[in-house]
Amino acid sequence: MLVYHGSYYAFVVGMVITTFGEMLISPTIPTFISEKTGENAPFYLGVVGAITTGGRLLGPLAMGFMYDHGGIHPTLFLATLVSAGSVLLCLLHAYFHRENRAEVAKY
């Protein structure tokens, strides 16, 4: 996006990729929460829904503000930083639950 940020077509392609990403991840989050939290799942599903709604509300506002005052470079830097943080948290989660997969494979 940093290289093609001036092209409307690149923006459209980026939005299509993002939409497909959301479509593929959306069913997995409630399933994961339901499996891990048992009978407390409705509470945690509500918490995750509230956090998601807050992110969808404040994310565009913050990114628009950054773009208006700093341009595309700080905006893309923040998006990259948040994406890298998400990947690191997923890797950290996989690391801590690695033993559980080995136990499940025995059965």
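Here is a walk through the model shown above, from its overall layout down to a few single residues.

Start with some ground rules: this is a predicted model, where local features need pLDDT of at least 70 and side-chain atom pairs count only at pLDDT 80 or more, while totals for chains, interfaces and linings use all residues. Residues are numbered from 1 along each chain as its sequence is written, and side-chain values use heavy atoms, with hydrogens and water left out.

The protein has a mean pLDDT of 84, with 89% of its residues at 70 or more. Confidence is highest in helix α3 (residues 41-70), with a mean of 90, and lowest in helix α5 (residues 98-106), with a mean of 62. Where pLDDT is low, the predicted coordinates should not be read in detail.

Now for the layout. Of the 107 residues, 6% are buried. Buried means under 20% relative accessible area, exposed means over 50%, and partly exposed is in between (1.4 Å probe, protein chains only). The accessible surface is about 9,000 Å², and 73% of that belongs to carbon and sulfur atoms; such areas come from the Shrake-Rupley method with a 1.4 Å probe, and for residues only the protein chains shown count as cover.

Next, look at helix α1 (residues 8-25), where you will find Val 12. Val 12 is partly exposed, at 33% relative accessible area. Together with Tyr 8, Tyr 9, Phe 11, Met 15, Val 16, Phe 20 and Met 23, Val 12 forms a nonpolar surface patch with about 880 Å² of accessible area. Patches take residues with over 30% relative accessible area and no salt bridge, joining like charges within 9 Å and nonpolar side chains (Val, Leu, Ile, Met, Phe, Trp, Tyr) within 5 Å.

Side chains of opposite charge can pair when their charged atoms come close. The structure holds 1 salt bridge, meaning a side-chain nitrogen of Lys or Arg within 4 Å of a carboxyl oxygen of Asp or Glu. Here Arg 56 and Glu 22 meet, at 3.6 Å from N to O. Arg 56 sits in helix α3 and Glu 22 in helix α1, so the pair ties together parts that are 34 residues apart in sequence. Arg 56 is exposed, at 55%, whereas Glu 22 is partly exposed, at 41%.

Finally, what about Pro 42? This residue lies in helix α3 and is exposed, with a relative accessible area of 60%. Its C-alpha atom is 9.6 Å from that of Pro 30, which is 12 residues away along the chain.

Definitions and conventions
pLDDT is the predictor's confidence in each residue, from 0 to 100. Helices (H or I, at least four residues) and strands (E, at least two) are DSSP runs, numbered from the N terminus.
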